[in-house]
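Here is a short briefing to read alongside the structure. Keep the viewer open and follow along topic by topic.

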Amino acid sequence: MTLTKDLVAGLVFILIGLVAVVEAQGHPMGSLLRMGPGYYPTLVGGLTILVGAALAVKGALAGGPRVPQFAWRELALLIGSIVVAAFALERLGLVAATFLLVVISRYASRPFHWRSTLLLAAALSLVGAVIFWWFLKLPIKLWPESWI
Amino acid sequence: MDLIANLSLGFEVALSPSNILYCVIGVTVGTFVGVLPGIGPMATISMLLPITFGLDPIGALIMLAGIYYGAQFGSSVTSILLNIPGHAAAAVICLDGHPMAKQGRAAVGLVGSAIASFIGGSLAIILVMQFAPPLAKFALRFGPAEYFSMMALALLAAAILSEGELLKGIGMVLVGLIIGVVGIDVNSGAQRLSFGSWNLADGVSFVIVAMGVFAVSEVMANLEPHSKPQMVGSDFTWRELVPSWRDFRQAFGSIIRGFGVGALFGALPGSGPTIASFISYSVEKKVAREPERFGKGALEGVTGPESANNAAAVAGFIPTLTLGVPGDAIMALMLGCLMIFGIQPGPRVITDNPELFWGLMASMWIGNLLLLILNIPLIGIWVRVLKIPYAILYPSILLFICIGVFATNNNTFDILLLAGFGAAGYIFSKLGCPAAPLLLGVILGPLIEENMRRALLISRGDPTVFVTHPISLGLLLVAAAVLAGFFYSGFRKRRAGLREADTTVDG
């Protein structure tokens, strides 16, 4: 069986629907008159499973375009840079978060040059500090606290 | 006549020097912050909200309204030039606006969108002034069953207008509805789908979903090894800023239609600019002689939704001010601001605070005019943004998105959520699943559940309530007709395709 887009998308929908339905079983169902917190997620999750199943069957039987190659390296670097920046922003401050975000995400696209990347990170740190810290006064720190 | 008296009262308020100043500041700052990629009207307004607390209620509301449409224009700019919608309604602008930019017609798209906003907004203001009381009265007849049916119609429209198959569109709407479930259930206090995390107790903000599935996954798509970066530099002359006669003829009808759609959906509480622009896009696609141009840079695909968007934004003040029901998250912010100033939104605002209502209406017209005057000369600057190499631009975009997401709640957990939705958006786009229906599902999800539960409570658990109320039945019939029309045209296309195949074989 070939992995068509429809088949995989259908399976993803089924999985998401299952998560919703299973989680909803931990909440009271209630009745049509007085719906409990579990009623609506069960309904919507069930519909998602049905749609997913229809899509998956269609994809398995009727064929269609295959799932294209994923750019896993770029995806990991890009998403990774955001995750690292999120942790760094809280613990190390805006400047360190900016440098980490820029260097890691920039590494995803070739050609990569250290000099221009670090220059960009420095410039963005300055702009970010002016806009977000000084002008908009977001509750963020610029440097790790232990430095001050 | 009443209207003349009200109008002159309104302009008297709006043309006071301090209120004009607030309007200018609001529009300028709103556009400036709104043009920063990934910072949409929601984030812009919440960030700038504290500035207005020192003003009187009317001045504050006028300035907030200025920030609102300034930011909205700003997000149209980023939608067209960078394919990054600052908010849900602008997602529609990306569909044809960005392809226009890729073809080097960014200037026409931007000018078209500014003019469409202005015309749609101005017409809507006249309409609101004329019809505010009767429209509010009609909307008063809406019960939960009607809201439910209306939202079901909007979601179905979103699934149909999205590119790709209907099943995938519906699936994405449903996934959006599931994401909308996350957080504390208002009726029971139960924490649903939050997996014990307090960070998810307030639910997932649609701002995060939008930035993830549109902005981050777009950056990702551009980084694919064999893809050319989507950033296209375009040289343009001042001559190109003037739309050609053909452009004008093409766009004019769509602006008027967009205004009609926007005025209707903006005035209905619970709907708003997002639904209006989505529906306007599908209307334009339906009435077009060559619907296949859509998604590839059709000017009407920008001007129609833009006009609808702004008309709905203006009309959206009706339910917000007269019923106390915000049309969308932005109107909810306005509502919160009013209450901070001690004004209780409800049917009595127009009679008790006529200078506030009419002053706001007049200032909106002035603000829309200012937007047009300020922005057409500045378009050159926005287009120049495109000449920055992508290797410099995308880390900058990422930084602005991350901080923008952080700024909406001041919570770094939201940045992690952004990363998750970015990855999910990329994977979904690889599987041919459209992102816009997902976003609409996320926004409407909580409302649809709330109204379904309320409708069934009122009808004592009788599910036929949705088809026995005439307005609700009408809305559902429209939904069914839309669906039937979709299948009919698909069927005809397939038959036409088969016939073509037959003739090729025969020939």
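How many residues does helix α4 of chain A have, and how far does it reach from its first C-alpha to its last? Helix α4 of chain A, residues 94–106, has 13 residues and reaches 18 Å, close to the 18 Å expected at 1.5 Å a residue. Please bear in mind that this is a predicted model.

**Helix α4 of chain A**

- The buried residues of α4(A) are A:Leu94, A:Val95, A:Ala97, A:Thr98, A:Leu101, A:Val102, A:Val103, A:Ser105 and A:Arg106.
- These buried residues pack against α3 (72–91) and α5 (114–135) of chain A, and also against α18 of chain B.

**The interface between chain B and chain A**

- On the chain B side, 65 residues are in contact with 62 residues of chain A.
- About 5,500 Å² is buried between chain B and chain A, and carbon and sulfur atoms give 82% of that area.
- Within chain B, the residues that lose the most area to chain A are B:Leu399, B:Lys430 and B:Leu431, which together account for 11% of what that side buries.
- The polar side of the interface comprises eleven residue pairs in polar contact, both residues at pLDDT 80 or more.
- Several elements of chain B each supply at least two residues of the side that touches chain A, among them α3 (41–52), α8 (166–181), β2 (191–192) and α20 (436–458).
- The element that gives the most to this side is α18(B), with twelve residues.
- Sorted by class, the side of chain B that touches chain A has 45 nonpolar, eleven polar and nine charged residues.

- A:His27 is found in the loop between α1 (5–24) and α2 (39–62) of chain A.
- Is A:His27 buried or exposed? A:His27 has a relative accessible area of 14%, so this residue counts as buried.
- Not counting residues up to four places away in sequence, A:His27 touches A:Pro37 and A:Gly38 as well as B:Ala190, B:Gln191 and B:Arg192.
- The side chain of A:His27 reaches the backbone oxygen of B:Gln191 at 3.4 Å.
- From the other chain, B:Arg453 lies in helix α20 of chain B, and its relative accessible area of 9% makes B:Arg453 buried.
- Leaving aside neighbours within four places in sequence, B:Arg453 is in contact with A:Met35, A:Gly36, A:Pro37, B:Asp185, B:Asn187 and B:Arg192.

**Salt bridges**

- One salt bridge joins the side chains of A:Lys58 and B:Glu165 at 2.1 Å, N to O.
- Inside chain B, the side chains of B:Asp185 and B:Arg192 meet in a salt bridge at 3.8 Å, N to O. B:Asp185 is buried at 3% relative accessibility, and B:Arg192 is buried with a relative accessible area of 3%.
- Another salt bridge brings together the side chains of B:Arg257 and B:Glu284, at 2.9 Å, N to O. This pair links distant parts of the chain, with B:Arg257 in helix α11 (residues 245–267) and B:Glu284 in helix α12, 27 residues apart.
- B:Arg257 is partly exposed, with a relative accessible area of 34%, whereas B:Glu284 is buried at 2%.
- The side chains of B:Arg293 and B:Glu300 also meet in a salt bridge, at 2.8 Å, N to O. Here B:Arg293 counts as partly exposed at 24% relative accessibility, while B:Glu300 counts as buried at 7%.
- Salt bridges that share partners join A:Asp6, A:Lys58, B:Glu165 and B:Lys168 into one network.

**Inside chain B**

- Chain B contains 22 helices and two strands.
- Of the 507 residues in chain B, 61% are buried.
- Among contacts in chain B between residues at least 6 apart in sequence, 77% join residues at least 24 apart.
- B:Leu299 lies in the loop between α12 (273–287) and α13 (300–315) of chain B, and counts as buried at 4% relative accessibility.
- B:Leu299 and B:Ala251 are 48 residues apart in sequence and 6.4 Å apart in space, C-alpha to C-alpha.
- Leaving aside neighbours within four places in sequence, the residues in contact with B:Leu299 are B:Met100, B:Val108, B:Gly109, B:Asp247, B:Gln250 and B:Ala251.

Key
Residues are numbered from 1 along each chain as its sequence is written. Chains are lettered from A and ligands numbered from 1 in the order in which they are written. This is a predicted model: local features need pLDDT of at least 70, side-chain atom pairs count only at pLDDT 80 or more; totals for chains, interfaces and linings use all residues. Side-chain values use heavy atoms; hydrogens and water are left out. Contact means heavy atoms within 4.5 Å. Buried area is the accessible area (1.4 Å probe) that two parts lose on being put together, summed over both. A salt bridge is a side-chain nitrogen of Lys or Arg within 4 Å of a carboxyl oxygen of Asp or Glu. A polar contact is a pair of N or O atoms within 3.5 Å; within protein, one must be able to donate a hydrogen and the other to accept it, and residues adjacent in sequence count only if both atoms are side-chain atoms. Helices (H or I, at least four residues) and strands (E, at least two) are DSSP runs, numbered from the N terminus. Ala, Val, Leu, Ile, Met, Phe, Trp, Tyr, Cys and Pro count as nonpolar, Asp, Glu, Lys and Arg as charged, and the others, Gly among them, as polar. The expected span of a helix is 1.5 Å times one less than its number of residues. Buried means under 20% relative accessible area, exposed over 50%, partly exposed in between (1.4 Å probe, protein chains only).
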